[in-house]
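Keep the sequence and the 3D view open as you read.

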Amino acid sequence: TTTHDDRLPRKAIETFENSRLPSGLTRSLFPGRSLQIIAPFSLAWIGMVHDFALWRGDVDFIRRRMPGVRNVLEAFMTFRNRQGLVECPPGWNFIDWVPDWFDGVPHGANCGINGIINWYVVYALSLAARMEHWMNEPEMKARWSKLADEIARLTTDVFWDPKRGLFADDPGKQHFSEHSQCLAVLSGKLYAEKQ
């Protein structure tokens with residue numbers, strides 16, 4: 001770290017949390033009049049809380065964020081389809097400014113299911129399970145771990161392309177990105193040979 005002053009990261013975490021809508025998702029522009037939602041930013045916020053916990057170890061600050069973390073995850077669980085995968089939430093599912101992606105949205109992430117979104121959810125569930133462990137919440141840890149395992153298995157079944165040895169972004173396995181591979185590895189839910 002370059003500074004011991006953690007006021008700006010704390011403020012960023014609190015501002016994202018304060019932007020949460022009744023659905024559980026955070027706003028992407030807050031404070032402000034625009035009601036823009038970039039659902040993957042809600043998952044990134046969980047990563048911010050997790051990383052702050054590693055950096056500062058402020059148990060009280062993290063404990064106060066956990067209801068919001070749970071609320072975001074529950075929001076994503078409402079988007080699960082009959083197959084058990086997460087359908088892309090409404091809004092702008094921006095991931096990255098990739099030249100081949102329109103408005104930074106991966107192929108298939110406007111509607112239906114997408115590998116990146118599902119791996120991102122698995123990653124966020126895994127981070128939340130770790131934080132629940134730190135907060136001595138074994139039931140919540142078990143819930144997020146079970147969901148992470150289940151969605152990881154389903155995501156692997158649908159998006160793994162054995163010929164290429166990669167995870168696709170779309171169920172038709174026409175589009176691939178570094179993003180799916182990185183999130184799959186970061187999730188900690190892959191067998192060694194796939195890693």
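Q: Which residues touch the most other members of the largest nonpolar core?
A: This core of the predicted model holds 52 residues. Those that touch the most other members are Ile-46, Ile-62, Val-69, Phe-76 and Leu-125.

Q: Which helix gives the most residues to this core?
A: Helices that each supply at least two residues are α2 (39-56), α3 (59-77), α4 (115-134), α5 (138-159) and α6 (178-186). With 12 residues, the one that gives the most is α4.

Q: What does Ile-62 contact, leaving aside its neighbours within four places in sequence?
A: Ile-62 is among the core residues that touch the most other members. Setting aside sequence neighbours within four places, its contacts are Val-49, Phe-52, Ala-53, Met-131 and Met-135.

Q: Are α4 and α5 roughly parallel or roughly antiparallel?
A: Their axes come within 8 Å and cross at roughly 160°. Angles over 145 degrees count as roughly antiparallel. Therefore α4 and α5 are roughly antiparallel.

Q: How many residues of the contact of α4 with α5 are nonpolar?
A: The α4 side includes Trp-119, Val-122 and Leu-125, and the α5 side includes Trp-144, Leu-147 and Ile-151. Seven residues of this contact are polar and two are charged. The nonpolar residues number 13.

Q: Does Glu-17 count as buried or exposed?
A: Glu-17 lies in helix α1 (residues 7-18). Beyond four places in sequence, Glu-17 touches Trp-45, Arg-64, Arg-65 and Gly-68. Its relative accessibility is 12%, so Glu-17 counts as buried.

Notes:
Residues numbered from 1 in each chain as written. Predicted model: local features only at pLDDT ≥ 70, side-chain atom pairs only at ≥ 80, totals over all residues. Heavy atoms only, no water. Core = buried A, V, L, I, M, F, W, Y, C linked by side-chain atoms within 4.5 Å. Buried < 20%, exposed > 50% of the residue type's maximum accessible area, 1.4 Å probe, protein only. Helix = DSSP H or I, 4+ residues; strand = E, 2+ residues; numbered from the N terminus. Contact = heavy atoms within 4.5 Å. Axes fitted to C-alpha atoms, helices over the stretch in contact; angles between N-to-C directions. Parallel < 35°, antiparallel > 145°, perpendicular 65-115°, else oblique. Nonpolar A, V, L, I, M, F, W, Y, C, P; charged D, E, K, R; others polar.
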